[in-house]
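Please read the following report alongside the sequence and the coordinates.

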Amino acid sequence: MKTVLARAAVAFLQALPLRLVARLGRAGGAMAWWLDPRHRRVALQNLALCFAPEKAPAEIRALARENFRRIGENYASAIKTAAMSPDELTPHFKFVGAEKILPHQTVEGPQSRIVAIGHFGNFELYARFGQFVPAFRCATTYRGLRQPSLNRLMQSLRQRSGCLYFERRTDGAALKAAMTDTGLLLGLLADQHAGDKGLRLPFLGHDCSTSAAPAIFALRYNCPLYTGVCYRVGLARWRIEAGDEIPTREDGRPRSAEAIMRDVNRAFEIAIRRDPANWFWVHRRWKPAKAPKRKSRIGVPPSELEESPTKPAGAGNHNSS
């Protein structure tokens with residue numbers, strides 16, 4: 001039933017003009033502001049964490065409400081733009097900075113490129129990089145939806161762009177094989193919580209878990225690394241801007257993944273401050289780090305670990321100092 005309703009919604013939106021779809025999306029986002037208290041609370045908490053010292057509570061609340069409208073506009077518009085040809089998209093979409101990532105002469109031939117991307121604006125438009133830099137084949141990763149039929153519907157929309165999609169949990173071998181080829185433009189989302197295995201780095205003044213994937217891929221496959229940000233410049237109008245190349249080597253040696261991703265975070269921070277409502281504030285980006293687990297001494301029963309290391313077991317129920 002969900003799939004039938006989803007297909008009907010997709011068909012309905014794709015039959016409408018893009019500007020009307022964008023307006024409907026904004027209306028849906030405004031409605032979600034009142035109907036979704038959990039994500040409203042997350043957005044307000046995130047904005048207050050990052051901007052409370054410089055913005056009044058009323059301004060933060062206004063930003064959060066506009067953010068909901070933008071998210072609604074972006075989701076609805078993404079469904080429509082997925083079915084639009086490059087010519088149909090041209091009045092609504094520009095790509096600035098393509099010359100930065102165009103192929104250049106190397107001894108080994110054309111290199112692939114890594115682009116660190118984030119949830120800015122209509123981020124599904126990142127898949128359209130290829131129409132501006134046809135020398136490259138676009139590729140990215142995604143996390144599949146739990147319901148297979150809805151996941152197939154989503155992928156059928158995305159694949160019309162000509163972009164290659166690799167599922168993060170199951171397509172590792174296929175992505176690795178694709179990276180051995182040249183001329184790939186791989187976009188990797190790097191602005192969300194990366195779990196316990198992520199790098200703990202500052203972002204907008206606060207420590208958070210950061211994906212190291214862009215740095216790792218750039219170092220492992222010797223690819224130049226850039227950032228890409230999608231800005232909303234008007235109703236149903238977007239501009240993707242390619243950032244300057246982020247150095248992955250210094251004095252002939254590889255930089256650490258931490259240093260590289262600090263530069264990526266700084267580029268994202270600049271983009272957020274330029275248009276705060278354009279980012280995905282409903283995500284819990286600043287989750288606290290989990291406390292490290294206590295390591296047991298090999299061969300020592302757990303009960304003895306609770307006793308003082310200066311006294312033999314059974315000498316008293318004392319905690320370690």
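Predicted model: local features only at pLDDT ≥ 70, side-chain atom pairs only at ≥ 80, totals over all residues.

Residues are numbered from 1 along each chain as its sequence is written, and side-chain values use heavy atoms, with hydrogens and water left out.

An open sheet of 7 strands has the order β1-β9-β8-β2-β5-β3-β4, with mixed pairing; its edge strands, β1 (93-96) and β4 (164-167), each pair on one side only, and the twist averages 25° from one strand to the next. Strands (E, at least two residues) and helices (H or I, at least four) are DSSP runs numbered from the N terminus, and two strands pair if DSSP finds at least two bridges between them. Strands β3 (residues 137-142) and β5 (residues 184-189) run parallel and are joined by 4 bridges, with threonine 140 opposite glycine 187 in β5.

Helix α10 (residues 257-274) lies across β2 (113-117), β8 (225-234) and β9 (237-242), at about 10° to β8; angles run from 0 to 180 degrees between N-to-C directions of axes fitted to C-alpha atoms, for helices over the stretch in contact, where contact means heavy atoms within 4.5 Å.

There are 2 cavities of 30 Å³ or more, a cavity being a set of points on a 1 Å grid over the protein atoms alone where a 1.4 Å probe fits but cannot get out, with lining residues having an atom within 4 Å of a point. Grid points are joined across faces, edges and corners, and the volume is the space filled by probe spheres set on them.

| Cavity | Volume | Lining classes |
|---|---|---|
| Largest | about 60 Å³ | 5 nonpolar, 4 polar, no charged |

Ala, Val, Leu, Ile, Met, Phe, Trp, Tyr, Cys and Pro count as nonpolar, Asp, Glu, Lys and Arg as charged, and the others, Gly among them, as polar.

Conventions. 1 Å grid on protein atoms, 1.4 Å probe; cavity = no way out; pocket = protein on both sides within 12 Å on 5 of 7 lines; lining within 4 Å.
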